[in-house]
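Hi,

Here is the structure I promised to pass on. Have a look at it first, and my notes follow below.

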Amino acid sequence: MAEEILMKGNEAIGEAAIRAGCRYYFGYPITPQSELTAYMAKKLLKMEDAAFVQAESELAAINMVYGAASTGARTMTSSSSPGISLKQEGISYIACSEVPCVIVNMQRGGPGLGSIQPAQGDYFQATKGGGHGDYHLIVLAPDSVQELVDLTMDAFDLADKYRNPAMILGDGLLGQMMEAVEFKEKPKVDLPDKSGWALTGCKGREHRYIVSFDLDPNVLEKWNIKIFEKYKKLKEKEVRYEAINIENADLVIVAYGTVARIAKTAIQEAKKEGLNVGLIRPITLFPFPEKIIAKTAEKVKKFLTVEMSMGQMVEDVKLAVNGKADVEFYGRTGGVIPSPVEILEEVKKYL
Amino acid sequence: MKKVFGRPESLTNVPFTYCPGCHHGIAHRLVAEVLDEFEVRENTIGVCPVGCSVFAYYFFNCDMICAAHGRAPAIATGIKRVKPDSIVFTYQGDGDLASIGTAEIVHAANRGENITVIFINNAIYGMTGGQMAPTTLVGQVTQTSPYGRDSKTMGYPIRMAEMLSTLKRATYISRVALNKPANIIKAKKSIKKAFQVQLDKKGFSLVEVLSTCPTNWGLSPIEASKWLEENMIPYYPLGEFRTPEEVA
């Protein structure tokens, strides 16, 4: 068994990325994720065949990622909400070009400059595309420092497997807190060879190009359809969630990340008071675990979605429930974190 | 029979999409000749911009990537940091490099990225139909300066080569023109020098290429070359602004 180390969330992501073979990081400082950028600087600047660049802007950072990743190298950038908005142009190009990379968003309060406290207001942006055009990211939502590590490693594999950018959607709380983590040896996964598309110089083959552009609408439509085939496969094969006590619950909470963790405490407290509450915690936000929610809605008639937003994921929960049960919502926003007591009070309203 | 002239290997056989009298074709050819002469085509990755030369990836017979508007130097940075032994160049217009991508070019130069930038300055936005560029001359009429560029509200044209030459890590900066054979020969030499700097791993190199846009200037190709000579060169002097010797 690997040794457990006490680490701050942001730094744990950095270490996980390096252990996953990421040697190229491009970023710009922003609270509450700056420790990750600093960690990558400390490590990568001392490594051979590696690069850390503090970019002049978020736009430059994501485009440096585009360039580095287009050679086939595992590449990462990270930021927090306002910075992620700035990266959207590049993310759209990268998704269209089918270049794999990992983007970390440690969300903070918004909109605008917002606050520097934890929030989940970027759910729409992360899961519905974010930039212009039709596309999705693979979106993973950890709820602990350990999961930040595990999902960061998985994000690189998923990105490579599907040739699609993957996002770790955390928040300032996960990034700032310290927990014991273990860097487990990952079993080797078979990943597609990149030699068929990466830009390496055209020695011994025809020249090739990576673009996100075609003036022929029929060609571009086919291109979009091809990209969406990947999303179909993702929905079939890569959905992840955690389910607790959903079989016999009178009400099921749907929450991800930090909020799911708080909800777990609320559920324990509810049990003490004789209330039977379950939890569905989406781990992949895209692909969204709609099937388990739909299945649960056959039996459980009350859902409560809890988010640190004014209500974003709740729309996907409603789509999955499809009118078969009541879907209620409780949200705190602007950087306010809901307490277990507050969630429990909300649960009691519906039981 | 001895072949004395042909298409450089670094150009594909795809016909250029440029307007008659536009200098992009000459600039492409000069870059391709230099890649051939250094025998680096198979080890080169080029970055094309948004603008008339967006389709450069069809024309250059080396690996290419197409950047978002202005972001080519950032993409080139990413590529070069992974592949320091590859030859990496960007090909950018004036709207791309001197307006929307000002931050990217300044900081790539300031970091001394070991890349070569071919900067086409034709004093106008070509692909979008002739709007004012940061390099548009004072008094020049464009779609968005219909009464002529007014320096009081629109500023003066930016001299990018001179501006970038103030940066300590910029190794080679020059300005050339393609309006007549003598200038084309000088341009080729300068482009070759820029790539030599990269091959020697001496840092950032940029060649600003004064070019025509007969279509959007509303001039014939010959008139356009004359207009460049009489109006652009006096404002944008040709020559070398930084050389490796100065940096060393």
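This is a predicted model: local features need pLDDT of at least 70, side-chain atom pairs count only at pLDDT 80 or more; totals for chains, interfaces and linings use all residues.

Helices (H or I, at least four residues) and strands (E, at least two) are DSSP runs, numbered from the N terminus.

Residues are numbered from 1 along each chain as its sequence is written, and chains are lettered from A and ligands numbered from 1 in the order in which they are written.

Now, where the chains meet. Strand S9 (residues 209–210) of chain A pairs with S2(B) in the parallel sense, over two bridges. There, Tyr209(A) has Met64(B) as its bridge partner in S2(B). The contact (C-beta atoms, placed from the backbone, within 7 Å) takes 33 residues from chain A and 28 residues from chain B. On the chain B side, H3(B) gives the most, with eight residues.

Chain A itself has twelve helices and 15 strands. Its radius of gyration (over C-alpha atoms) is 20 Å, close to the 20 Å that the globule rule (2.2 Å times the number of residues to the power 0.38) gives for 351 residues, so chain A is as compact as a globular protein of that length.

Seven of the strands in chain A make an open sheet with mixed pairing, in the order S3-S2-S4-S5-S7-S6-S13. Strand S3 (51–54) and strand S13 (284–286) of chain A are the edges, each pairing on one side only. S3(A) runs parallel to strand S2 (residues 24–27) of chain A, and four bridges join them. In S3(A), Phe52(A) is the bridge partner of Tyr25(A).

Finally, take a look at helix H12 (residues 340–350) of chain A. Which of its residues are buried? They are Ile343(A), Leu344(A) and Val347(A), where buried means 20 or more other C-beta atoms within 10 Å of a residue's own, exposed means 12 or fewer, and C-beta atoms are placed from the backbone. The three cover an arc of only 100 degrees around the axis (from the directions from the helix axis to the C-beta atoms), which puts them on the same side of H12(A). Val341(A), Glu345(A) and Lys349(A), on the other side of H12(A), are exposed. Among the elements covering the buried residues of H12(A) are helix H9 (257–272) and strand S14 (302–307) of chain A.

Cheers

Terms used. Two residues are in contact if their C-beta atoms, placed from the backbone, lie within 7 Å. Two strands pair if DSSP finds at least two bridges between them.
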